[in-house]
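Here are my notes on the model, as numbered points. Have the structure open while you go through them.

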Amino acid sequence: MGNLTATRPPQPWTAPTANDPVTATLRLPGSKSMTARALVLAALAGGPSTLDRPLRARDTELMAGGLRELGSHMSVSDDDRWLVRPHPLVGPAHVDVGLAGTVMRFLPPVAGLAAGRVTFDGDPHARTRPLGPLIGALRALGVRVDAPPAGSLPLVVLGAGRVTGGEVVIDASASSQLVSGLLLAAPRFDRGVVVRHEGPPVPSAPHVRMTVQMLRAAGAAVDDTTPDVWVVEPGPLTGRGWDIEPDLSGAAPFFAAALVTGGEVTLQGWPHSSLQPVERLRELLHRMGGEVTLGTDGLRVRGTGAVRGVDADLSDVGELTPVLTALTLLADSPSRLTGIGHIRGHETDRVTALAKEFTALGADITETRDGLEIRPRPLRGGTFRTYADHRMAHAAAVAGLAVPGIEVDDVTCTSKTMPEFPALWSGMVTDKS
């Protein structure tokens, strides 16, 4: 469970209230998930790769920085195209994971391939995020790892320049990233890898599917036909061009604005065939009162003037929970969000944080073991604490569209995945064109 202690900075951000329907056409930064995976695959490839329209934010810069520490050449000065030239992986190195789950779970397997000592640490709360199953799996695959008994940061990978690989059993019910981290590096293991998940269902399954699809696109042989079993054969990865899609989780608050205000938001650059769970978000927004279409001009969401409550299992799209929670608080009927116990281990305990902060604004919201029950009633303004969690800030911004006076204690935390968020959001709400 995350630490809900926060210090209020001196300059809170007042979430803008919408007096009219929002109408906007935007182009958002690239997907964090795709950018992170493309960087790892590029660093392990046999030749150069490019990333077009990648996400430049704290998490992805930490990923690039960690791979650079391990020896890869990263040219990231051009915001629209990054160039990665792989080089032999070496230590000693230190990887700052910040608060990024992708960095702390994707790079230790890569560090096993490096020749030398690689240390990992990050922000204070990063030490509470679950890593034990990954540490145990790496040891079973022949990697030397020194870590606290609790299986957390800080940790040290004593890389031998190669990883034996083979079969491993893991409980990845805390995070799908535990599986993805092993799969991404597996083509470079001597024997590849067979990952068997045993335990409660793996959350955020679309992210594992993204990993598998991107591995195949880079030339890896992956078999995921057996449920909860992933087989990656050893073999070379190919350098290639990666076209990074806009970030779906980052788009969610902008789409929510259309529902809350009865407006219309179009996000440009969406592919008709996406690696992200776009269809799942479309289905959820439709159930909550939105009209969603995908056309040549982008993905468009139109509000119908009403927001409906919903009973939804979000186990596959837990990242959407904060924004959807804000929407349900403004709905015309009660809601129940389930399957989100795993987001207690995200940047903060999001289940508790959402219940706590919205209750302070007058919400009738009940926390359950794996979800939230919401009974809409009028909200009031007040301070909304983010606990350094970008998605919490998104939730406050959505609620602020309809509730004057919500003050976000630290909107700068959105720089984790979208540094432009405050400016984009305020510009969208106040645009009179």
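1. Start inside: the largest cavity comes out at about 420 Å³. A cavity here is a set of points on a 1 Å grid over the protein atoms alone, where a 1.4 Å probe fits but cannot get out, and lining residues have an atom within 4 Å of a point. Grid points are joined across faces, edges and corners, and the volume is the space filled by probe spheres set on the points.

2. Who lines that cavity? There are 35 lining residues, and Ser33, Gln177, Ser204, His207 and Glu319 sit closest to the centre. The elements giving two or more residues to this lining are α1 (32–43), α3 (101–112), α6 (205–217) and α7 (248–261). By class, the lining of the largest cavity has ten nonpolar, 14 polar and eleven charged residues. (Nonpolar is Ala, Val, Leu, Ile, Met, Phe, Trp, Tyr, Cys and Pro; charged is Asp, Glu, Lys and Arg; the others, Gly among them, are polar.)

3. Before going on, a caveat: this is a predicted model, with local features needing pLDDT of at least 70 and side-chain atom pairs pLDDT 80 or more, while totals for chains, interfaces and linings use all residues. Numbering runs from 1 along each chain as its sequence is written, and side-chain values use heavy atoms, with hydrogens and water left out.

4. The structure holds two cavities of 30 Å³ or more.

5. Now the pockets, meaning open sets of points with protein on both sides within 12 Å along at least five of seven lines. The largest holds about 300 Å³; of its 16 lining residues, Ser173, Pro201, Pro203, Gly339 and His342 are closest to the centre. Its lining splits into six nonpolar, six polar and four charged residues.

6. The second largest pocket is about 240 Å³. Pro29, Pro54, Asp79, Asp80 and Glu420 lie nearest its centre, out of 13 lining residues. Here the lining has six nonpolar, one polar and six charged.

7. Overall fold: twelve helices and 23 strands, counted as DSSP runs (H or I, at least four residues; E, at least two) and numbered from the N terminus. The radius of gyration is 21 Å, close to the 22 Å from the globule rule for 433 residues, so the protein is as compact as a globular protein of that length. That radius is taken over C-alpha atoms, and the rule is 2.2 Å times the number of residues to the power 0.38.
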